[in-house]
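Open the model in your viewer and keep the selection panel at hand. The tour below goes from stop to stop, saying what to select and what is there.

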Amino acid sequence: MSVEIQLRVNGKPQQGTVEPRLLLVHYLRDVLGLTGTHIGCETSICGACTVLLDGKAVKSCTLLAVQASGAEITTIEGLAPNSQKHAGNGAGNGIGNGTGTGNGTLHAVQEGFWEKHGLQCGYCTPGMILTAVDLLQRNKNPKEAEIRSALSGNLCRCTGYQHIIEAVQYAAKKMSARKR
Amino acid sequence: MTTRFIGKPLKRKEDPRLIQGISHYVDDLQLAGMHYAAFLRTPYAHAKIRSIDLSKARHAPGVVLALSGADVDGAVQAVPCAAQIPDMKAAARPVLARDRVLFVGEAVAVVVANDRYAARDALDLIEVDYEPLTPIVNPEKAIAKGAVPIHPGHKDNVAFKWELEGGDLKAAFKSADKVIKQRIVNQRLIPVPIEPRGVLADYQPGEGQLTVWSSTQIPHLLRTQIAAMLNFPETLVHVVTPEVGGGFGTKLNVYPEEAMVAYLAIQLGKPVKWIESRRENFQATIHGRDQIDDIEVAIKRDGTILGLRCNVIADLGAYYQLLTPLIPTLTGLMMTGCYKIPAARMEITGVFTNKMSTDAYRGAGRPEATYLIERVLDLVAAELKKDPIEVRRKNFPQPEDFPYATPTGLIYDSGDYQKALDLAVKVADYKKLRQEQAKLRKEGRYTGIGISTYVEICGMGPSSAMPAGGWESATVRVEPTGRVSVMTGSSPHGQGQETTFAQMGADILGIDPSQVQVIHGDTSIVPYGIGTFGSRATAVGGTAVYKSLQKVKEKMACIAAHIVESDPERMVFADGKISAKESAKKSIAFGQAVSAAYVAKTLPAEMEPGLEATTFFEPSNFTYPFGTHICVVEIDAETGDVKLVRYVAVDDCGNVINPLLVEGQVQGGIVQSVGQALLEEAVYDEQGQLITGELMDYALPRATDMCWIETERTVTPTPVNPMGVKGVGEAGTIGATPALAGAVADALAPFGIHHVDMPFKREKIWRLMHKDSRRAQ
């Protein structure tokens, strides 16, 4: 049995038929090839699969693709649509060479994670970033305790969270400066 | 060499691809015609397999292959164990169980289908007839008289006995004013990297080439072992390690699925992928710790420690993984910690139980050592009513005592334990902490202050002391365009070698880090290497890089000197130029020397063309980082909740390539320690069911569990390698748990409690605090 779904993912309309049991995260990863959304636990505890659904952070490993029909999804790949996607080659405006001063095309939260060493293995990072984006939409200037609370549904085993908190603080500052 | 980049907090080169979600972990790779494997695992901890019926599964939609242990018997060998202890019994983990299963989660069959959902569906159609046997879960019961051996053919459940003794222990205990005894349990942990394991294999029959992508810390060792397990030519095995989403030792191993998925790809002539579920990761990927330590310590009234005796029961689980028997022996080597204890003895009994294997989890045997010796120091302080800091100072070796020989046979390279302790005491304002604590106690609030002064054994290690080679490789090649490729055998999983090794390349060759590309995790490109574990990537892998860079630099200096007519010794590499010291005019661009090496028309006589150098660096000793951690907890007497109030960490890992990355390692390690101290515990019930088998039931530390960590460093370089670097990957998990345990014990001192076993869960703590009041009722 298949069900037809229609949704927007990273600003692009998508439609197709899926098995009713297909998880949203598998739809994003296996059908659309958006593999930046990761799977860490399949029980919505770890948050590696976090995406934005109609602007709100949700865990895509415990949502069915059919439940997302009609929604607007943003994955990590869609967070900064104009960023350069040739990371790591050492060329260009600072991306990948590890010495640049940042650039204007990353989202402020992504930039914060890079500036503040908010990641090590990077596996939890897309989920962490999208959770932080959700927080900063609701709370422009979160206190440390509020950041910790907002991130408590996302597990990181490498960083110890402190640099992630600094990354979010960096982004909050940067985003409010841009608005001014 | 001018250090423009070494020692600086450069942002990581790895990050742009990771923060944009455009990098590739194993599950992100797609190959045309790819199929998916799923493993059926036993729900019984101990059972005979009477029969397995795969017929329904074989006919399920999408299924192309289903196999049980009988089908691969002889074709795929058991998981290798590199550790050797005299007289240890055999306990190789089969890739698929044959006649019996020995732990919950052991694989009994595998299905391959054209879709991951179809493969999982087909598992439900496999019929296995088990004859359940009585499981043995408690290691003390396992070695009690009359216990039935879990391995048929063994006479008991003792895997091995290992002992180590140094110094005159008898004399120590004879001359002691007091002897303190204590049992200390280091509970079993589940490491939980956020990316579970994953394997993808592809076989090209024409070329005979087998490619295996695996989330591993040891691509080359895996390649050798896959070849051995499949009896397949190693020359035709190509292992690729893409991004690895955390390892913490779990991926420093060889697993049944790695060989099986490769075997399936060969059998089918199709790419096969297997991605571990989190439940599988809990059940069938290695666990850590799990020791019962019975200690006896001989002391003088003034706090001098004369001797330490320790009896260890190490729960190994059912089978050996790669290093299982070795891990507890590291506890023995480090049992005297950073103290001058003249005599010590450890006796370890390795025990088989119906559980998953233990093996190297971040720290691997050394957190257990630090934990036991630091608990000892606190118990001594409590017994003598002395400050725990005073007792530590009393027993430290002094800086002039280094290199310091321990009674366990190690030579500590360098250290200044007093300095790190002094700094931590200053940063924490220890005196004030004690005053505040006294004040709060009067108000009925229970705060505790914990101190850990640790030393760890890192930079693993000299091959003479390692099970299978402790060296590391690096190749540096300056490409014709002037870009520099650094190939390292230390395949990372989050440590940031792409950045740190580029910093080294940039400084040594006088170029920008953006010109240096670090390549790792591909056995066809990178020379044979060992891997990233045991805090070795910088100290051993980095030194191999350093030496290769120096070799290339020397050759370039000869080329440049030949062109500008000067001496190679006088050539300076800076700002993309190679210049002679004597004259600004005698200078060529870096690229000009590179071109000369490849065009090969103007090379000095007898010089070979090309610009490439390889080093296999063999360290002469381990390195011994150290430090002091001080923390404050407050315990809520109403709930038993332990709240972390303050954490000060002073770590000394020698010289530092990138302080930002060192900071990240320290913080991350401390939080894993907080996990062990406050939350984590792998619990098997009496039937051998892993009841903490998911993240729903096994609590990891979250952002809300932590206070701000204040970090400082002292710098005591090691003489073991030219950069003076020691390693920092495990400092947090080795140094922090004792501080946390000390703080909890200190908070509970008013209740007459001086030791509590981890984890410090609310119920346990509440019961301890209310024991007397309930008795009174």
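Two strands count as paired if DSSP finds at least two bridges between them. Helices (H or I, at least four residues) and strands (E, at least two) are DSSP runs, numbered from the N terminus. This is a predicted model, in which local features need pLDDT of at least 70 and side-chain atom pairs count only at pLDDT 80 or more, while totals for chains, interfaces and linings use all residues. Residues are numbered from 1 along each chain as its sequence is written, and chains are lettered from A and ligands numbered from 1 in the order in which they are written.

**Stop 1**

Select residues 571-574 and 577-580 of chain B, which are strands β22 and β23. They pair in the antiparallel sense over four bridges, with A574(B) opposite K577(B). Two residues separate β22(B) from β23(B) in this hairpin, and D575(B) in the turn has a positive phi of about 50 degrees.

The hairpin from β23(B) to β24(B) passes through six residues.

**Stop 2: a five-stranded sheet**

Select β7, β15, β14, β13 and β8 of chain B; in that order they form an open sheet with mixed pairing. Strands β7 (158-166) and β8 (178-189) of chain B are at the edges with a single partner strand each, so one side of each has no neighbour in the sheet. From one strand to the next, the twist averages 10 degrees.

Zoom in on β8(B) and β13(B), the latter covering residues 288-299. They run antiparallel and are joined by 11 bridges; R188(B) has R289(B) in β13(B) as its bridge partner.

What lies across β8, β13 and β14 of chain B? Select residues 366-384 of chain B to show helix α11, which runs at about 145 degrees to β8(B). Axes here are lines fitted to C-alpha atoms, for helices over the stretch in contact, and angles run from 0 to 180 degrees between N-to-C directions.

**Stop 3: the nonpolar core**

A nonpolar core is a set of buried Ala, Val, Leu, Ile, Met, Phe, Trp, Tyr and Cys residues joined through C-beta atoms within 7 Å. Buried means that 20 or more other C-beta atoms, placed from the backbone, lie within 10 Å of a residue's own. The largest core has 304 residues, and A37(B), A109(B), V110(B) and V111(B) touch the most other members. Helix α16 of chain B, residues 537-564, gives the most to this core, with 13 residues.

Select A109(B) and show its contacts (C-beta atoms, placed from the backbone, within 7 Å). Not counting residues up to four places away in sequence, A109(B) touches L40(B), I52(B), L54(B), A66(B), L67(B), S68(B), L96(B) and I126(B).

**Stop 4: chain B as a whole**

Zoom out to chain B, which has 20 helices and 28 strands. Along its principal axes the C-alpha trace of chain B spans about 95 × 70 × 45 Å. Of the 777 residues of chain B, 59% count as buried.

**Stop 5: where the chains meet**

Show chain A as well: 50 of its residues are in contact with 51 residues of chain B. Among the elements giving two or more residues to this side of chain A are α4 (125-138) and α6 (162-179) of chain A. The largest share, four residues, comes from α3(A).

Definitions and conventions: Contact = placed C-beta atoms within 7 Å. Buried ≥ 20, exposed ≤ 12 C-beta atoms within 10 Å, placed from the backbone.
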